[in-house]
Protein chains: 2
Amino acid sequence: MKRYRSRQVWNFEMETPVSRGSDDVILGLDGGAAATVCVCISAAMPSSGHLAHTLPVLARSVAGCSNHNSVGETTARETIEMVMAEVLLKAGSNRSAVRAVCLALAGVNHPSDQQRILDWLRNIFPIHVKLFVENDAVAALASGTMGKLHGCVLIAGTGTIAYGFTEDGREARAAGAGPILGDWGSGYGIAAKALTAVMRAHDGRGPQTLLTYEILSMLRLSSPDELIGWTYADPSWTRIASLLPAVVSSAEAGDEVANRILHDSVLELTASVRAVVQRLELCGEDGKDSFPLVMVGGVLEANDGWDIGKEVIDSITKIYPGAHPVRPTVEPAVGAALLAWNHVSSELVSDYDM
Amino acid sequence: MKRYRSRQVWNFEMETPVSRGSDDVILGLDGGAAATVCVCISAAMPSSGHLAHTLPVLARSVAGCSNHNSVGETTARETIEMVMAEVLLKAGSNRSAVRAVCLALAGVNHPSDQQRILDWLRNIFPIHVKLFVENDAVAALASGTMGKLHGCVLIAGTGTIAYGFTEDGREARAAGAGPILGDWGSGYGIAAKALTAVMRAHDGRGPQTLLTYEILSMLRLSSPDELIGWTYADPSWTRIASLLPAVVSSAEAGDEVANRILHDSVLELTASVRAVVQRLELCGEDGKDSFPLVMVGGVLEANDGWDIGKEVIDSITKIYPGAHPVRPTVEPAVGAALLAWNHVSSELVSDYDM
């Protein structure tokens, strides 16, 4: 706690005190590979029937990456604390009004990750504040189901993961272990394969491909040899993943190598969803039960040409006709806040029941 | 130059001056992914016929990685300068006795890399010293041909590259672009595929494999989930590549997944050699010309069980019956020194000719 006391991020609370009570708020935070988004919503929400249209988001703040595997634990924590302080300041609120916090973070893969972050978070918020730490995929699922943990979410942006929950609380995940551990369906994975294809065409190991022209033009480089320096000058996952549009445009122009890479990514993403659905038996015994399939991330966004998201949906609904694709209308940070809100409101119900 | 003047590494020269003249020396340096080795040889060498048995290596020093793509330019330069000073001190020599220097460095992929390092090196050695900067593969080739640049070398250690020269000085390379750009035949590539296979078995995307037990035992971890933290805690290429023995032992025990990974690595390594041999037409027009195929690196070392090097040789000699496999008896740093020595001695011959 000492270390964080020395930080200035909470100084604003002394200048603009807020009385605890009717204006209680909930914080939802989504820390993905590329950015950290934090929203502040009112704890007094309307009935869930009208949730989607009347979401009381009071403020929103954005910061850089907070995946501890990617930027280190110290930077990750500083980013998270700063963005939480900022969103409360923007909302004209402060920590005394916070009822619950849900951090949904990429890189939370093990109960020990979760506990470490909970312990740290407890130093920032007093004991009555409900704290939740989840993998960022959980918030993405909640963003498509308005806070209900049921179904399967597939995220494919810079990274990729599939994450599912049954209605009775069992959970399973597939992929999501980052580029070294083979997330080939991700934006990073697709781009790394494309870069590899350019190198192979250049040195004679592989066929010529339009990817060479598309990627070199995009990066304003004159030779594939220069890609080596470009890649290792800053091998951040997001920077590599940003080459995705060059792969899609090459594939749309009919390039076989690019088409093969995108088809392989569809197979990879389908395999992730399939692994989760099978382990949780989300499709029921006859394989036809209905469940939400929430699709999130830049790789899966609708596209007039080569539409990776549509191909994945087609391939999954062929196996599981009950899969009901959902493209969320709110962002994952709101999903995180809704999750926390669901927990708090169900406790309120329990309180009344007693 | 100012920056390096402030360094203390050359102070020993003031304490033990050596007169320039008969005891001229040559430095050869091999900077690979895992370590930097520098040797100091006498410039007055015996005739090349007896070279292998009477190599006048005066001193040898070892330091950490000096690949600028991996550790950064500053660290790489400091490591190189320090190890050169150390080897001269050990040899009881100093810079005034140096006739030529050959740095063979992983990460030198482009003429601009070469020029940048030559410019820096020129600040350390006076103008009469001959300086050579090459990719580390060139020194490895020279270590198998006693300094002659002809044939093809295949290196597979932490990284992998194939590099070839024709007798008339044309050169070509394949692979060697590091793990992000698809060097799948390398120790790193094999280990990363094995780690991926463990994650896929764990989450249901792939078949069960003995690799799970072998890798977790080797790292003393209890669950595949912990591999994520292990991997990103320090994703250095050498650390990942050190898992290779677990893949080999799994394959030897009959594990299909591990066997598939090793067979794929043989295909990758063969493809690299093939690309170089074809572009340079090392096999001649009839495909049967003789050329040395120098095999270097931990992945290719002879092994009683699953012998990756032997499989690669078998697969290449099937395509090119004239390929003559050589396992060098001197290390690449000596190859670098022999390269420099060859240049200097051919100049001596030219001097006499004039």
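Student: How many aromatic pairs does a search of the whole structure find over all chains?

Tutor: The search finds eleven aromatic pairs over all chains, where rings of Phe, Tyr and Trp (its six-membered ring) pair if their centres lie within 6.5 Å. This is a predicted model, in which local features need pLDDT of at least 70 and side-chain atom pairs count only at pLDDT 80 or more, whereas totals for chains, interfaces and linings use all residues. Residues are numbered from 1 along each chain as its sequence is written, chains are lettered from A and ligands numbered from 1 in the order in which they are written, and side-chain values use heavy atoms, with hydrogens and water left out.

Student: Why is the pair of B:Trp10 and B:Phe12 called tilted?

Tutor: Planes under 30 degrees apart count as stacked, over 60 as edge-to-face and the rest as tilted. The planes of B:Trp10 and B:Phe12 stand at 35 degrees, with the ring centres 6.2 Å apart, so the pair is tilted. In chain A, A:Trp10 and A:Phe12 also form a tilted pair, at 6.2 Å centre to centre and 35 degrees between the planes, and A:Trp10, A:Phe12 and A:Phe125 form one aromatic cluster.

Student: What makes A:Trp10 count as buried?

Tutor: Buried means under 20% relative accessible area, exposed over 50% and partly exposed in between (1.4 Å probe, protein chains only). A:Trp10 has a relative accessible area of 8%, so A:Trp10 is buried, and A:Phe12 counts as buried at 9%. In chain B, B:Trp10 is buried with 8%, and B:Phe12 is buried with 9%.

Student: Why is the meeting of A:Arg200 and B:Glu268 called a salt bridge?

Tutor: The term requires a side-chain nitrogen of Lys or Arg within 4 Å of a carboxyl oxygen of Asp or Glu. Across the interface of chain A and chain B the rule finds two salt bridges.
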